[in-house]
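Have a look at the structure first, then read on.

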Amino acid sequence: MPKRSLMLAGGGVKIAFQAGVLQVWLDEAGIEFDHCDGVSAAGFNVAMWAQGMSGRQIADNWRNLQPLGGVDVNWSELVKLIYAESLFEFDAFRRNVFPAWGLDFEKIRASRREITVNVYNFTKHELRPVTAPELTEDFLAAAAALPMWFPPVRIDGDTYIDAVLNTASNIEEAIRRGADELWVIWTTSQRGEWQDGFVGNFFGIFEATTVNAYKQALARIERNNEAVGAGRGGEFGRHITVRELKAEVPLHYLLNFSRDRAAEAVNRGVAAAREWCDRYGIPRQSGDDYPAEVHTAQTGLRFKEKLKGYVGFGSNDPREGFERGRDDGDEFEAHMSVSVEGVNRFITTPEHEASVGGSVVCERLGGERPIIDGIFNIFVDEGDPTRKKVLYRLFFEDADGRPVTLGGFKDLQDDPGMDFLADTSTAYVKLYRGRVSAEEEAGAEVLAAGVLRVGMLGFVKQLATFRAEGPTAADRAAALARFGTFYLGRLWDVYARRLLSSAPF
C-alpha cells in the first residue's frame, strides 16, 4: 500500500474549511493516513487528529468555536505603536479554545500517529517539524504565532514563529518520511487580488510567499515524476501522487468574529469533499445532513418579496424577452412568501435555502396562479465568493392545469460604479414547460423569458414584512439580528472587498 500523508496547509482561520473535509475523508470515506503535516493554524487540526479525534469531532470543534473567546488584544504593547511586539496575544486562545476543543497534550505526545507540526526557529533560522512526542502547548501556539499579529514564543532560549511565510505545506518533509501520496487541503486564496492598506498588504505578502512556494514544490514533483517515468530516477527517487482539494473560502484569514461564518466554512468543506470524492470515484458512506444547529434555540423567519416586470413569450434571453414582453404588454408578477425553517441551518449551510409560497400573476397563463411550492437560495456562489447569486425556483400551473416552472436569479458582482442596488433588485427569469429542476433546464422547453424587479419602495415594504419565530422574545430578536448580519456581511464580501476581503461578521 502507498504511504499517505495528509497535508493540512496553512491558511489562517480559513482552515475551518479543512475540518469539514476531514469529516468526509476520515469518517464517510474511511481514508487512512500514515502521516499528517500541518503549518500555521492547521497545526490545530493536526493535533486533534493525533489525539485520535474523528473527522466529525474536529469539524464540530470548529462549528462550535466562539471566535471572540480567542481574541486577546495586546494592550500593554499597543502604547509602543509601531514598535509593539504584536497586535494580539495568544493567551485567550490557550485559556479558552484549547480546553473547549478537548486538547490533551499528554495524549498527543503518547499518540502512535505520525505527525509534523511546523514552526520556524527564528534564532537559528531553521524550519522545525515538531513530532507528536515533542508537541507541547507552547509549540502549538508557536505554530500560529503570525508575526505582527501574535507575539513569538520563546522555548529553551530560542524564538519561534509561524512557519507559514517559509512554507504553507512542508511537502519535502512528507516525502522524506516516505510519502508516496500527498493528500493536500489548500485554502489560501489564489485569486491574485491585491488589497490596499496594512491588512490587505500583509496578507498579499502571505499569499505571494505561500502560493509561489507551493507551486514550486508541485513543479518539482512533476519534474520528478517525468524523470521516474523515463527511468532516470528523479529528485525523489519514486513517483509521488498529489491529490489536491482546494477552495476559495469566504472567510478572512484572521479577522473573523462570527461563529456563523466559521460554521458555514466547515459546512462548505463537507459539501466540497463529498463532491470531490464522487468526482474521483472514492467510495463513501452517505453522510448525514450538515450538523448546523450551532445555536440551541430553534428559530424561524418569514418575509415577503414582490417582483414585477415583463416576460416575452417565445423568447429565450431575459433581456430580449423583457423588451418583447413590454411591447406586447405581457406583465408578470411574483408575490412570494419566504419561509426560513431554522435560522441556524439557513445561515450556516452554503445553500442558504428556504421554501417559497404565494402566487404569480400573468394574464397569458390564466391570471393569478398559486405557487404550489418553491425554493429560494440567497447569496450562493459557484466557487467564487466575490460573486453571489440569489436563486428562485417556483412551481405552479397555468389555467389549463399544465405545470410551469419559473427559474430565475439575481447576479451580484462588483462592477464599476454603485451597482449593488441594481444587482439586488433585478431578477432574470425563464418560464419552462413542466416541473423542471435546475439540472434539467438545459433540455427543457422555454415558454418565456424576462426581467423582474423590486423598486426601492417595494424593498422598504419587504423589510416591514419580516417576522421571526422562536421560544422567547430574545430568541426572536437574535434571529432577526443574525439574519441582518448575514445579509450585510455577504453584501460586504461582494461590494466592500477593498476594505477587507471578507466581512469580519
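Here is a short report on the cavities, the pockets, a hairpin and a helix pair.

## Before we start

This is a predicted model, where local features need pLDDT of at least 70 and side-chain atom pairs count only at pLDDT 80 or more, while totals for chains, interfaces and linings use all residues. Residues are numbered from 1 along each chain as its sequence is written, and side-chain values use heavy atoms, leaving out hydrogens and water.

One naming note: helices (H or I, at least four residues) and strands (E, at least two) are DSSP runs, numbered from the N terminus.

A cavity is a set of points on a 1 Å grid over the protein atoms alone where a 1.4 Å probe fits but cannot get out, and lining residues have an atom within 4 Å of a point. Grid points are joined across faces, edges and corners, and a volume is the space filled by probe spheres set on the points. This structure has three cavities of 30 Å³ or more. The largest cavity comes in at about 450 Å³. It has 30 lining residues, and V13, F93, F150, Y253 and L254 are the closest to its centre.

What kinds of residue line the largest cavity? There are 23 nonpolar, five polar and two charged ones. (Ala, Val, Leu, Ile, Met, Phe, Trp, Tyr, Cys and Pro count as nonpolar, Asp, Glu, Lys and Arg as charged, and the others, Gly among them, as polar.) The second largest cavity holds about 50 Å³ of space. Its lining has five charged residues, three nonpolar and no polar ones; R261, E264 and K388 are among them. Helix α10 (residues 259-279) gives the most to this lining, with four residues.

## The open spaces

A pocket, unlike a cavity, is an open set, with protein on both sides within 12 Å along at least five of seven lines. The largest pocket has a volume of about 1000 Å³. Of its 41 lining residues, V380, D381, E382, G383 and L391 are the closest to the centre. Helix α10 turns up here too, with the largest share of the lining at six residues. By class, the lining of the largest pocket splits into 20 nonpolar, 17 charged and four polar residues.

The second largest pocket has about 450 Å³ of space. Of the 24 residues around it, T424, F459, Q462, L463 and Y487 lie nearest its centre. Which element gives the largest share of this lining? That's α15, with five residues. The lining divides into 17 nonpolar, five polar and two charged residues.

## A hairpin

Strands β11 (residues 353-362) and β12 (residues 367-370) pair in the antiparallel sense over four bridges; two strands pair if DSSP finds at least two bridges between them. They make a hairpin with four residues between them, and G366 in the turn has a positive phi of about 110°. C362 has G367 of β12 as its bridge partner.

## Two helices side by side

Helix α1 (residues 16-28) packs against helix α2 (residues 42-51) at an angle of about 30°, with axes 11 Å apart. Axes are lines fitted to C-alpha atoms, for helices over the stretch in contact, and angles run from 0 to 180 degrees between N-to-C directions. So α1 is roughly parallel to α2, as angles under 35 degrees count as roughly parallel.

Terms used: Angles under 35 degrees count as roughly parallel, over 145 as roughly antiparallel, 65 to 115 as roughly perpendicular and the rest as oblique.
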